[in-house]
Every structure is written in C-alpha cells, then in structure tokens.
Amino acid sequence: MAVLRFERTISEAEERNYYLNLTDDKGERYGTRFPADRTPLYILAPSGRRYKASKKGDSQIWGALRSWYRGENVHAGTVVAISYDTDATPIDERIPITITTIQQVEPSATSSAPVEASAPAEPMEEPDIEGAEVSLKFEKDLEDFIVENLHLIESGLSLYYDEEGRPGRQYPTDVGTIDVLCKNQNDYVLVELKKGRTSDQVVGQISRYIGWVKEFIAEGSQRVRGIIIVHDFDPKLKYAVRAHDSLQLKYYEIQLKFIDETEAINKAGE
C-alpha cells in the first residue's frame, strides 16, 4: 500500500471558484502523483458523504466541489489533509480521494476578495467642455461589464462553460487564473485586463494561459488567442503584442456627461 498524504490551507480563489489545488502550503506539487488528467474521482469526507470530482490538468481537482465546500463547511483558511491510496479499489469506477479537516474556520473569519476603495475621479482639465473622458477605477466593475457585454469586444464572443458547467470568468488553471475565457465559434478567446501590470508581465501571463488552454481544453485545429484590455496607450505593450500573432489589444473608455434638468426631463419623455 502506498499512501500519499499532504496538508494545505484553502485559498480564497479555491473557495470562490470551487476547485482544489494539489499542492501543500510550501508550494510542493503532488498532482503528478495523483491519477491522470480527467480521471473520475470520489472525494470521501469525514461526514460519510461522497462527492464526484475529476482530476484537472497536473495539479487540480474540479467537479462537484461546490457541494463539498458547503456540505463539509470548508472555507478559505480551512486546513485540510488530502490522502490518496494508490492501491485503493475504485468506487463505481471512480478513484477515491480522502479529504479531512485539520483546522476549521468560520465564514466570518475569512472573506472573499476585498472590494477596493473608490479612488477620487481625476479633475477635468477643461471644465467648460461638454463631455470628458473618465477612466474606470474598479477592475471588478469593468470585468462585470465585459462579461455582460462580450459582443462589444468582438462580435460572436460568448462566455465559455466547461463540461462541468463552470463558467469562464476567473477560470482557474495550473498557471494562474484567467480573467475571462470565451468562445467564438471554434476559437477559444482569453480576455485579460492589464490591471497595472507591466507590458512584459501581462503578455507573459496571457501567453502562459494560451499555452495551458491549448494543452488541456482546445482540441485539434481549434485556435486559441488572447485579447488584452487596456485603458491607456502603452508603446511597450503595443510592440510586445505585435510579436505574437495570437494576441491583440482593445482599449476602453467611458464618457461622463452632465446635463441640466430640462434635458433630463426631455430624455425621460422619449
């Protein structure tokens, strides 16, 4: 009998997106010693419940983990022990993985990603003009808008859902979390917000994501490409993107216009 066992602390990203990394808190990866990618699994919990899951890539477990998180009262900050017996007998053709709680936390002791404080709008340099450009300050608000209006970025673009029904927003991978993973006919399209990163960082990151999608999701001749969403023009980013045929840039802006009461009444009556 060969039993592989390690402990890890559940992260906010795992709880929010309902997946599980097969790494310990020191960063050591155990996934390659677990069953292969897409292998059906059963998570065996101390409560006696079984939760269907599957191996995803080299170092993650996905599946009915929303039920596991809620049913076993697991939250970000909870320490769990993950055990895999390589000689265990399959249950209903699923490989059993045992996960027990070492240290529990209550939901109030943790939180989802913090909401950023609002930054004051930059003063308008020309207050007498009719409209003025205002950059979006909240990346989450921008991401919300993008997901709800993908057609504005590219005609035919739609949010990707994997075979387990998991949406492409904040899509977890072995190499990081994709902002928005989409489909457009036969293409896979990754949409990434620059988020203050340098041009080299954002291009390197989306390139890794494209490689991961090619390896684990796309099949055959399906094309994988990326769109970087940015507000300000950056010549370094422009040239970095030009070096990759699979990447393109999209710029966003919003217009804030102030009108008087008469115009507001007229618009309401239209």
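Arg49 is partly exposed, with a relative accessible area of 43%; on this scale, buried means under 20% relative accessible area, exposed over 50%, and partly exposed in between (1.4 Å probe, protein chains only). The side chain of Arg49 meets that of Glu72 in a salt bridge, with 3.3 Å from N to O. This pair links distant parts of the chain, 23 residues apart: Glu72 lies in the loop between helix H2 (65-71) and strand E6 (79-85), and Arg49 in the loop between strand E3 (40-44) and strand E4 (50-56). Glu72 is buried, with a relative accessible area of 13%.

The structure is a predicted model, in which local features need pLDDT of at least 70 and side-chain atom pairs count only at pLDDT 80 or more, while totals for chains, interfaces and linings use all residues. Residues are numbered from 1 along each chain as its sequence is written, and side-chain values use heavy atoms, with hydrogens and water left out.

**Salt bridges**

A salt bridge is defined here as a side-chain nitrogen of Lys or Arg within 4 Å of a carboxyl oxygen of Asp or Glu. Across the whole structure, ten salt bridges are found. Three of them are set out below.

| Residue pair | Closest N and O atoms |
|---|---|
| Glu14 and Arg8 | 2.8 Å |
| Arg169 and Asp144 | 2.4 Å |

In the bridge between Glu14 and Arg8, Glu14 is buried at a relative accessible area of 0%, and Arg8 is buried at 5%.

Arg169 forms its salt bridge with Asp144. The two residues are 25 residues apart and link distant parts of the chain, with Arg169 in strand E10 (residues 169-173) and Asp144 in helix H3 (residues 139-148). Salt bridges that share partners join Glu143, Asp144 and Arg169 into one network. Arg169 itself counts as partly exposed, at 25% relative accessibility.

**Helices H5 and H6**

Helices (H or I, at least four residues) and strands (E, at least two) are DSSP runs, numbered from the N terminus. The protein has seven helices and 15 strands. Helix H5 (residues 199-216) packs against helix H6 (residues 235-242) at an angle of about 30 degrees, and their axes are 9 Å apart. Axes are lines fitted to C-alpha atoms, for helices over the stretch in contact, and angles run from 0 to 180 degrees between N-to-C directions. H5 and H6 are therefore roughly parallel to each other, a class for angles under 35 degrees, with over 145 counted as roughly antiparallel, 65 to 115 as roughly perpendicular and the rest as oblique.

Contact means heavy atoms within 4.5 Å. On the H5 side, Ser199, Val202 and Val203 meet Lys236, Leu237, Ala240 and Val241 of H6. The residues of this contact divide into five nonpolar, one polar and one charged. In this grouping, Ala, Val, Leu, Ile, Met, Phe, Trp, Tyr, Cys and Pro count as nonpolar, Asp, Glu, Lys and Arg as charged, and the others, Gly among them, as polar.

Lys238 is also placed in helix H6, and at 24% relative accessibility Lys238 counts as partly exposed. The C-alpha atoms of Lys238 and Ser199 are separated by 8.4 Å, although the residues are 39 apart along the chain. Leaving aside its neighbours within four places in sequence, Lys238 is in contact with Phe233 and Leu249.

**The protein overall**

Of the 270 residues in the protein, 44% are buried. Among contacts with a separation of 6 or more, 57% are between residues 24 or more positions apart.
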